[in-house]
Amino acid sequence: MWTKWISLLARLGLAAVFLVSGWVKAVDPSQTVVAVRAYQLLPESLVRPVAVTLPVVELALGVLLVIGLGVRLVSVVSGLVLVVLIASIASAWARGLSIDCGCFGGGGEVADADPSDYAIEIARDVGFLALAAWLTVFPRSPFALGPRSRPVAPRRDADALAQ
């Protein structure tokens, strides 16, 4: 069935997003702190813990998606992370903040963020959210290690076995 191949592409695509995003944040933790702070959503006491935790969560989600373990659960968690990120970007846009989202490194205040930048970032993340939604409904794909993530083997009927 073609859905398992779409699921494989969605799983590997979403994994790549989280692995790249998490890796870029992990190798430059001070810039990740700047990016998280720029949203002005958290008290200062939570900025550093969130900045340190976010790349770890993204890398874990990426690895679990690559190996195909717990795909449905990982997709739900991925979707929740993406909803929080989309809401954060929308909040920054609505409040008139001029920031780079820091989704793939960098981030923080910028001199002249174009409003279309926010729309593009939100649209991109909605696309990633669509991948997570697909995988929540269709978690089974080839090369997955999880027992509920592998495609179901076709059953042979009794007549075929009797021959």
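**Exercise 1.** Work out what share of the protein's contacts with a separation of 6 or more comes from residues 24 or more positions apart.

*Solution.* Begin with the term: a contact means heavy atoms within 4.5 Å. Among contacts with a separation of 6 or more, residues 24 or more positions apart account for 71%. The model is a predicted one, in which local features need pLDDT of at least 70, side-chain atom pairs count only at pLDDT 80 or more, and totals for chains, interfaces and linings use all residues. Residues are numbered from 1 along each chain as its sequence is written, and side-chain values use heavy atoms, with hydrogens and water left out.

**Exercise 2.** Describe the order of the elements, and decide how the radius of gyration compares with the globule rule.

*Solution.* From the N terminus on, the elements, which are DSSP runs (helices H or I, at least four residues; strands E, at least two), follow the order α-α-α-α-β-β-α-α. Finally, the C-alpha trace spans about 75 × 30 × 20 Å along its principal axes.

**Exercise 3.** Find which residues Phe 128 contacts, leaving aside its neighbours within four places in sequence.

*Solution.* With those neighbours set aside, Phe 128 is in contact with Leu 14, Val 17, Leu 82 and Phe 104.
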